[in-house]
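Reader: Hi! I'm new to this one, could you walk me through it?

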Amino acid sequence: MTDTTRFIPDRLQSPLERRLKSWETLLLAVAVSIFIVNSFTSPYFLNAWNLSDMTFNFTEKAMIAFAMALLIIAGEIDLSVASIIALASTAMGAAVQIGIGTPGLVLIGLGVGLICGAFNGFLVTKLGLPSIVVTIGTMSLFRGISYIILGDQAYRGYPSDFSFFGQGYVFWVISFEFVLFAIIALIYFVILHNTNFGRAVYAIGNNPVGAEFSGIRVARVKFILFLLTGLMSGVAAVCLTSRLASTRPSIAFGWELEIVTMVVLGGVNILGGSGTIPGVVIAAFVMGLVTFGLGLLNVPGIVMSIVIGLLLIGVIALPRLWEKWKS
Amino acid sequence: MPKQIFTSREFLLTGAIVLLLAIIATRFPAFIAPSNLANVFNDTAPLILLAIGQMIVILTRCIDLSVAANLALTGMVVSMINVAVPGLPVPIIIFVSVAFGALLGMVNGILVWKLEIPPIVVTLGTMTIFRGTIFLLSEGKWINAHEFSEPFKAFPRTELLGLPLMSWIAIAAVILFSVVMSRTTLGRAFYAAGGNPHAATYAGIDVGRTQFWAFTISGALAGLTGYLWVSRFAVAFVDLAGGFELSVVAACVIGGVAIMGGIGSVVGAMLGALFLGIISNALPVVNISPFWQLAISGSAIIIAVALNAQANREKGRIILKRAENAT
């Protein structure tokens, strides 16, 4: 919405200098210091099982954050992700009532995610509507459908083998969700940093018209990104529903903000054009560590949201204040 | 000239509202009795006030997602003042609510103006910070009807010429801001800053400062609505008006305010708010579960934004216009 000015420096920084000054390094330092502070303030922090529990604070959100990062780098945004979780979870809950087994449930969850993503993508790329308003609309619409179906009721009775996705452990304290999170992070790392598709995403975010003239099918790439975001919301819906073993229409309420915060905290430019997957991974750990550490100190959830809000504004404001102060 | 009037958004929307009322009246004639319509208007007054502020913000290419949280925080602050000093006259309370709301709006405005942080990030952050602050102030407790002083509660219900003061305030705001938007330099600056920021800068308008004033006005109106809300319902708590910011954006989009800035009117925003207000009041009457509300307002946003895009497209497309919109 505001214009960005890009400066062309006289000489390039050396690779080491660039790496040390990078956002990821700064963020990693923050993560490590939060880890150290936490282990001093609470005796329960340095415990393998507690730390494993901590990962559930961010794994589901981070899965969506990776897809969201690509979308934001390409200059779009999807605020309907939490509502997609609600709708996908409601569809799975309804399927349980008519006796569909675990494989069917997973397919339904992922399918609903894809359909919702396709709907967003259609409205943005085919009708040319601004994604921020479209997804504020679909955010109400998707969760609204959940409310129409469920009202003040809840779906329960998920089959016992369905609980593996959210509650299962692959090895010792390593949960299935954490492994899935790591695999998805790796896949998105390769997509964004090692493929033509990834370069196209950056190109679109920096200059959509230029990208169009260089032969990139901008609309198609954006459509695929909305599909991916929908799909990841479906994956997160499967994990979360399995972990909670129940569905209410208010499930995952407000997650879209935490996911956007995670992406921005990870160094992705909210105006598009830059950002990395490792940054988002570290941001996920930072947010997980902050909420877990405050939780151990009995800080209520709503106060944590102040911290998240301050983090969101602070991480963007501080570098800009620094620039202003220097010049 | 007459053709322009008949195809204007305000005219079409008035037609849609009359049609909507006619459909409801075929089944429930009592709904369009003047006294009931006055009630519907009074119920919609908070939405109208907030939609006017939001319209001005959107005009300048920003968005204010913190309005509902601002409303709730200001509502809590004036409630606590009332509990602490029951004798404080209502005019002072109103002054405090407007001033405090404006102050919160200025926080958004400063971050957007001086640090050039994207408005959506700023207001997502302040939204969670404001909500958290309410919790810190109230320690999560509710302030209930018996704790307020009588004059504090009576003000919005006091009738003048057959209408409650709440309605009169909304009417006064519509008239005041219609004049401000069309007859003052600041009003025209809002349109200029959003319609073409570069041209506005060359014309001597400080775009950032104009955005700052837009946020301040939006905040002041949210603060005023905060007092009206808590006094009318005689209750203040953390989640007061939760999610209301979406209805406010919906009212603006339905009212023909272009999300890319520069296009919109006070009357349009009012009509958009009335459209939503009539729907939410009519649902229980025509025996549809209130759980439909969310999905209906979501669909209304999507349809309205699609119509807006269609209307703006007819004016002829220029290649450069597309490039401008894409950034």
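Reader: How do the axes of helix H8 and helix H13 of chain B cross?
Author: This is a predicted model, and in it the axes of H8(B), residues 165–183, and H13(B), residues 266–285, come within 9 Å and cross at roughly 145°.

Reader: Nice. Which residues in H8(B) and H13(B) meet?
Author: From H8(B) there are B:Val174, B:Phe177, B:Ser178 and B:Met181, and they meet B:Val266, B:Val267 and B:Met270 in H13(B). By class, that contact has six nonpolar residues, one polar and no charged ones.

Reader: Switching topic, how many residues does the largest nonpolar core have?
Author: The largest nonpolar core has 200 residues. A:Ile85 and B:Ala51 are those with the most contacts inside it. Helix H11 of chain B, residues 207–233, provides the largest share of this core, with 14 residues.

Reader: And what does A:Ile85 touch?
Author: Leaving out residues up to four places away in sequence, A:Ile85 touches A:Ser233, A:Ala236, A:Ala237, A:Leu240, A:Ile251, A:Ala252 and A:Trp255.

Reader: Ok, now the two chains. How many residues of chain A are in contact with chain B?
Author: On the chain A side there are 43, in contact with 42 residues of chain B.

Reader: Which element gives the most to that side of chain A?
Author: That's H7(A), with 14 residues. The elements of chain A that give two or more residues there are H7 (131–150), H11 (208–213), H13 (255–265) and H15 (301–326).

Reader: How do the residues on that side divide into nonpolar, polar and charged?
Author: The side of chain A that touches chain B has 32 nonpolar residues, nine polar and two charged.

Reader: What follows H12(B)?
Author: B:Gly256 does, and its phi is positive, near 85°.

Reader: Last one: where does UniProt place "transmembrane region" in chain A?
Author: The unreviewed UniProt entry places that feature at residues 26–46, 106–125, 132–150, 170–191, 223–245, 251–272 and 302–322 of chain A.

Reader: What does the chain look like over residues 106–125?
Author: Over that stretch of chain A the chain is 100% helix and 0% strand, with its end C-alpha atoms 28 Å apart. Over residues 251–272 of chain A, the chain is 50% helix and 0% strand, and the end C-alpha atoms are 29 Å apart.

Key: Residues are numbered from 1 along each chain as its sequence is written. Chains are lettered from A and ligands numbered from 1 in the order in which they are written. This is a predicted model: local features need pLDDT of at least 70, side-chain atom pairs count only at pLDDT 80 or more; totals for chains, interfaces and linings use all residues. Axes are lines fitted to C-alpha atoms, for helices over the stretch in contact, and angles run from 0 to 180 degrees between N-to-C directions. Helices (H or I, at least four residues) and strands (E, at least two) are DSSP runs, numbered from the N terminus. Two residues are in contact if their C-beta atoms, placed from the backbone, lie within 7 Å. Ala, Val, Leu, Ile, Met, Phe, Trp, Tyr, Cys and Pro count as nonpolar, Asp, Glu, Lys and Arg as charged, and the others, Gly among them, as polar. A nonpolar core is a set of buried Ala, Val, Leu, Ile, Met, Phe, Trp, Tyr and Cys residues joined through C-beta atoms within 7 Å. A residue is buried if 20 or more other C-beta atoms lie within 10 Å of its own, exposed if 12 or fewer, and partly exposed in between; C-beta atoms are placed from the backbone. UniProt positions are given in the numbering used here, feature names are shortened, and annotations may be inferred rather than shown by experiment.
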